[in-house]
Amino acid sequence: MLEAIEAGAEYFIGIFQEGAGWFGAVVVGIIPLLIILLTGVNALIAFIGQERINKFAELAGRPGWQYSFIRYLALPVVAVVALTNPMAYTMGTFVPEKNKPAFYDAAVSFVHPPLGILPHVNPGELFVWLGIATGISAAGLSLTPLAVRYLLVGLVVIYLRGLVTQFIVDRMIARREAANTEPATA
Amino acid sequence: METLNRTLETIGRSVGGVVGKIYQAGRDTIDVVLRTVLPFIAFVGLIVGIVQGTGIGQLLADTLAPLASSLGGLLLMSVIIALPVLSPVLGPGAVIAQVIGTLLGTQFGDGNIEPRFALPALFAINPQVGCDFIPVGLSLGEAEPETVEIGVPAILFSRMITGPAAVIIAYFASFGLYS
């Protein structure tokens, strides 16, 4: 009888010990670097200042496909790195009305890929990256190659998202305008 | 004497400014670590404890590991998460992505999944990113209500294409990783 209770207690506390071990590994292994890195980047952004970023953002509003690289690649990256989630989306102000959904899609998709190198962009959602990264560390592998590739693939993906979403938005706007020019049936 | 004073004052002021900004940056950092990062680590730690300590982990490992160790399985995962009905529900706080990511992480740690699959997996767990936040995000960019009306479905449908596409791109970008 007593043995059963002991076994039960051991099982119960074992659950928390398992979690505590994981907690300790993450706090010791990740938090110190994160704190120093965050401080450095926060200070850098304070030195650069908001006005300089706004000036750059105005470029993204220009028409023409060659500016799509600025709209869906350069501006989302600068916005996310400098203003972080969620303030980055305020940069949509500088983008023409019909491009706003695609800009948002590109920007919001970039709040996780840089986390391995620039964790300041979204410290509240660090574990989208860290969850898998902790496992890779536990397997005894270096995180840097994965972090770099995550960032680079992220760049390709956000540009693609910008283009695809823009394509869909253009179709929907065209359809709505066609519907509006037809005589109202109601 | 007066010029020297003025120079000293300018130097002192700019050094003070620099120190102040870095100090403030440190204050912001500690704030975010204490308020957001550490509580989340505690939350995930409890989930990891329950999952690993009770043996659910083994069950999940048997389901998730095969899914995450092939391109087809990861694509399936991304398509399900990107469904326009599910993606806005799964979005908030990226909690789902973070929990699935952590569970997958333990599988990578145990060597049940080839490490190169970490790259496509990072995209497969996250095609819903920001889908819960579209109206707010668009309003932050001062979008008109008509734009929000079109933007929400446009982004949700777009994710059905770009979610799996991201997994495929990441899969091909993972060649040579950890080999």
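Reader: At what angle do helix 5 and helix 6 of chain A pack, and how are they oriented to each other?
Author: In this predicted model, helix 5 of chain A spans residues 127-138 and helix 6 of chain A spans residues 144-181, with their axes 11 Å apart. The angle between them is about 150 degrees. Angles over 145 degrees count as roughly antiparallel. The two helices of chain A are therefore roughly antiparallel to each other.

Reader: What is the handedness of the crossing of helix 5 and helix 6 of chain A, and which residues of helix 6 make the contact?
Author: Helix 5 of chain A passes helix 6 of chain A in a right-handed crossing. On the helix 5 side, the contact uses A:V128, A:W129 and A:I136. These meet, on helix 6 of chain A, A:L146, A:A147 and A:Y150.

Reader: How do the residues of that contact in chain A divide by class?
Author: The contact of helix 5 of chain A with helix 6 of chain A has no polar and no charged residues. What it does have is 6 nonpolar residues.

Reader: Is A:T84 buried or exposed, and which residues does A:T84 touch?
Author: A:T84 is found in the loop between helix 3 (68-83) and helix 4 (100-108) of chain A. Its relative accessibility is 17%, and buried means under 20%, so A:T84 counts as buried. Leaving aside residues up to four places away in sequence, A:T84 touches A:A79, A:H120 and A:V121.

Reader: Which share of the residues in chain B is buried?
Author: Chain B has 8 helices and 0 strands, and its C-alpha atoms fill a box of roughly 80 × 45 × 35 Å along the principal axes. Of the 179 residues in chain B, the buried share is 45%.

Reader: How are helix 1 and helix 5 of chain B oriented to each other?
Author: Helix 1 (residues 2-54) and helix 5 (residues 95-109) of chain B have their axes 11 Å apart, at an angle of about 50 degrees. Angles under 35 degrees count as roughly parallel, and 65 to 115 as roughly perpendicular. Helix 1 of chain B and helix 5 of chain B are therefore oblique to each other.

Reader: Which residues make the contact of helix 1 with helix 5 in chain B, and how many are nonpolar?
Author: Helix 1 of chain B passes helix 5 of chain B in a right-handed crossing. The contact is made by B:F40, B:F43, B:V44, B:I47, B:V48, B:V51 and B:Q52 of helix 1, and by B:V95, B:Q98, B:V99, B:T102, B:L103 and B:T106 of helix 5. By class, this contact in chain B has no charged residues, 4 polar and 9 nonpolar.

Reader: What is the phi of B:E142, and is B:E142 buried or exposed?
Author: B:E142 lies in the loop between helix 7 (134-140) and helix 8 (145-173) of chain B. Although B:E142 is not a glycine, its phi is positive, at about 55 degrees. Its relative accessible area is 54%, and exposed means over 50%, so B:E142 is exposed.

Notes: Residues numbered from 1 in each chain as written. Chains lettered and ligands numbered in written order. Predicted model: local features only at pLDDT ≥ 70, side-chain atom pairs only at ≥ 80, totals over all residues. Heavy atoms only, no water. Axes fitted to C-alpha atoms, helices over the stretch in contact; angles between N-to-C directions. Helix = DSSP H or I, 4+ residues; strand = E, 2+ residues; numbered from the N terminus. Left-handed = near helix turned anticlockwise from the far one by under 90°. Contact = heavy atoms within 4.5 Å. Nonpolar A, V, L, I, M, F, W, Y, C, P; charged D, E, K, R; others polar. Buried < 20%, exposed > 50% of the residue type's maximum accessible area, 1.4 Å probe, protein only.
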